[in-house]
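Here is a short briefing on one chain.

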Amino acid sequence: MNCKKYIFLFSTYGREIVKDIIIIGTGGHAKVIADIVLCAGDNLVGFLTSDRDKDTFVGKPILGNDTDFAKYKDSYFMIAIGNPNVRHRMANSMPHIKWYTAIHPSSTISAMNTFVGEGSVVMPNAVINPYAQIGKHCIINTGAIVEHDNTIADFAHISVGTKLAGTVNIGMRTWVGAGATISNGISVCNDCVIGAGAVVVKSIQEPGTYVGVPAKKSNNYSSGATILARKWLPFFYPEYYAKYLLRHLRWPVC
């Protein structure tokens, strides 16, 4: 059985028909979604976005605001926004439309009782093994590994290079940061952020942000889906940079 190209899923979702696809969002995530749409042989109609300072994006037209979806009832839609809370809110505000499921052809997905929900994306070189269940509007990002018997709830984001061992459960709207590892048999509740590079060895039952090795809850990080590494990469956050220098480098203050 050739599951590398995920032929069985394409067949399930009617791959014999070329679909018209509209992507919501015009950020970096949207570029990857656009690439997957084209690799799948579907027709990328264009983009909807609240950022209207340009007429095209990656060579395709900006069709209107993200509230204009009702004008395109015959098209399939994909929300190309990384933040799980924003994805959830937008999906709830767009009833009665057809959602696209984007599977990059370089991903490896088992054909043994594996399911990927509508509106979800599986990015290049991701691996999803037998009996894994992926919910609606999830992101399985580039190079992520989702092992056997995992359950990923709706709107979760499994970031680049993440490793989920066997029988892991990830709650709704939870964002697992780049390079994080979650040990086998672990459950993570709804509305968590797992920091980049964190190692989770105990189940998490309280929403919040968890960082470090082993991962522990941090009160110094924003909860919800606010990423990720203010402590580790303070130069990305100018408002914290001076405090970081004073605290860690102990420069004299005149």
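Among contacts between residues at least 6 apart in sequence, 28% join residues at least 24 apart. The model is predicted. Its chain has 254 residues, and 46% of them count as buried.

**Chain totals**
- The secondary structure comes to 4 helices and 25 strands.
- The accessible surface of the chain is about 12,300 Å². Carbon and sulfur atoms account for 55% of that surface.

**Helix α2**
- Helix α2 covers residues 28-39, which makes 12 residues.
- At 1.5 Å a residue, α2 should span 16 Å. The end C-alpha atoms of α2 are 17 Å apart, which agrees with that expectation.
- The buried residues in α2 are H29, A30, I33, A34, I36 and V37.
- Viewed down the axis of α2, these buried residues fall within an arc of 160°, so they line one face of the helix.

**V188 and its surroundings**
- V188 sits in strand β21, which runs over residues 187-188.
- The relative accessibility of V188 is 4%, and buried means under 20%, so V188 counts as buried.
- Beyond its neighbours within four places in sequence, V188 is in contact with N169, I170, G171, T174, I182, I194 and I204.
- One of these contacts is I170. V188 and I170 lie 18 residues apart in sequence, with 5.0 Å between their C-alpha atoms.

Notes. Residues are numbered from 1 along each chain as its sequence is written. This is a predicted model: local features need pLDDT of at least 70, side-chain atom pairs count only at pLDDT 80 or more; totals for chains, interfaces and linings use all residues. Side-chain values use heavy atoms; hydrogens and water are left out. Helices (H or I, at least four residues) and strands (E, at least two) are DSSP runs, numbered from the N terminus. The expected span of a helix is 1.5 Å times one less than its number of residues. Buried means under 20% relative accessible area, exposed over 50%, partly exposed in between (1.4 Å probe, protein chains only). The arc is that of the directions from the helix axis to the C-beta atoms. Contact means heavy atoms within 4.5 Å. Accessible areas come from the Shrake-Rupley method with a 1.4 Å probe; for residues, only the protein chains shown count as cover.
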